[in-house]
Amino acid sequence: MARIFRKGSGEEAKAALAGACCAFGVFDGVHQGHRYIIGAAADAARARGGRSAVITFDVDPDELFRPGALRKLMANEDRIAALAALPVDAVVVLPFTPEFAALEPTAFLDRFLGPAVPAELHVGADFRFGARGAGTVADLEAWGAPRGMAVAGHDLLADDGAPVTATRIRGLLSEGRVEEAAALLGRPYAVSGTVEPGRGEGRGFGIRTANLSVPDGLRAVGDGVYACWATVGGRRYRAAVNVGVAATFADAATATVEAHLLDFDQDIYGQDVTVEFVEWLRPMRVFADADELVATITANIQQVRDDL
């Protein structure tokens, strides 16, 4: 597990960056394309016999610039932890603030890399930085050359003829194409939430659901019913999961993620549950009556039991 340095300005953080081979980016989702660039930095460090590091931000810049439209693939702390789990020596986390965002590209580099110049900086070829995203890979090269910092602007990793990007993955998830998204992520897409009490209607139908509180900004997957794995208390269970407010029935009026855990009957209010999306089962729909609703949900649960 890599060491994590917060704020990126302490002496230990400077020591982690100076002379290191670094990958720089937001890395939302830590997907296959991100790991390709980070892996290139780690390979370069090994070839040099030196250290490797990831430079990232404490929050996604889009949280500042377009918070209402953002659908993140991971919570910030989960993203930082996932980066630290990669085979690198350090993760340096820079604070993204309005003041930070207003820095011109050269001022940005002088402040955050000037005191501890890396040996190499690895980024995507489309990497932008500084105020209004004005900085480019060419600007990195111009700044780095006189300071002995090499810059590698990598073409984005491609899959099925298209680049692997967070935007592409979000698009797949919004359409319920969770298996294709998982291939690009390198793992199933997942969300976590705290179980909150609902109206209890599910229990009345004999189908209890855990109603997860998941912020809209962290729910990239589209509405529908899915076959999932749910983890609670360190154990994984098969689960039929409804995303969105059901037109006919919902265990809580405000629920966005409702999980029925198979072979599970415990009180888990207030506990955190992580749901991994494996397969899309059906869209949301209106049912003629309660009998049709229960029959459909029962069939979905059986499908989860058979498929997972």
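Q: How are helix 6 and helix 7 set relative to each other?
A: Helix 6 and helix 7 are oblique to each other, where angles under 35 degrees count as roughly parallel, over 145 as roughly antiparallel, 65 to 115 as roughly perpendicular and the rest as oblique. Helices here are DSSP runs of H or I with at least four residues, strands are runs of E with at least two, and both are numbered from the N terminus. This is a predicted model, in which local features need pLDDT of at least 70 and side-chain atom pairs count only at pLDDT 80 or more, while totals for chains, interfaces and linings use all residues. Residues are numbered from 1 along each chain as its sequence is written, and side-chain values use heavy atoms, with hydrogens and water left out.

Q: And what angle and axis distance go with helix 6 and helix 7?
A: They pack at an angle of about 50 degrees with their axes 11 Å apart, helix 7 being residues 137–144. An axis is a line fitted to C-alpha atoms, for helices over the stretch in contact, and angles run from 0 to 180 degrees between N-to-C directions.

Q: Which residues in helix 6 and helix 7 meet there?
A: Thr-106, Leu-109 and Asp-110 of helix 6 meet Asp-139, Leu-140 and Trp-143 of helix 7, contact being heavy atoms within 4.5 Å. By class, this contact has three nonpolar, one polar and two charged residues; Ala, Val, Leu, Ile, Met, Phe, Trp, Tyr, Cys and Pro count as nonpolar, Asp, Glu, Lys and Arg as charged, and the others, Gly among them, as polar.

Q: What about helix 8 and helix 9, at what angle do their axes cross?
A: The axes of helix 8 (residues 166–174) and helix 9 (residues 178–185) cross at roughly 160 degrees and come within 8 Å. That makes helix 8 roughly antiparallel to helix 9. Arg-168, Ile-169, Leu-172 and Leu-173 in helix 8 meet residues of helix 9 that include Val-178, Ala-181 and Leu-184.

Q: Changing topic, where is Val-117, and is it buried or partly exposed?
A: Val-117 lies in the loop between helix 6 (105–112) and strand 5 (120–124). Val-117 is partly exposed, with a relative accessible area of 21%, since buried means under 20%, exposed over 50% and partly exposed in between, using a 1.4 Å probe and protein chains only.

Q: What does Val-117 contact beyond four places in sequence?
A: Leaving aside neighbours within four places, Val-117 is in contact with Leu-17, Ala-18, Gly-19, Trp-143, Arg-147 and Met-149. Val-117 and Ala-20 are 97 residues apart in sequence, yet 8.1 Å apart in space, C-alpha to C-alpha.
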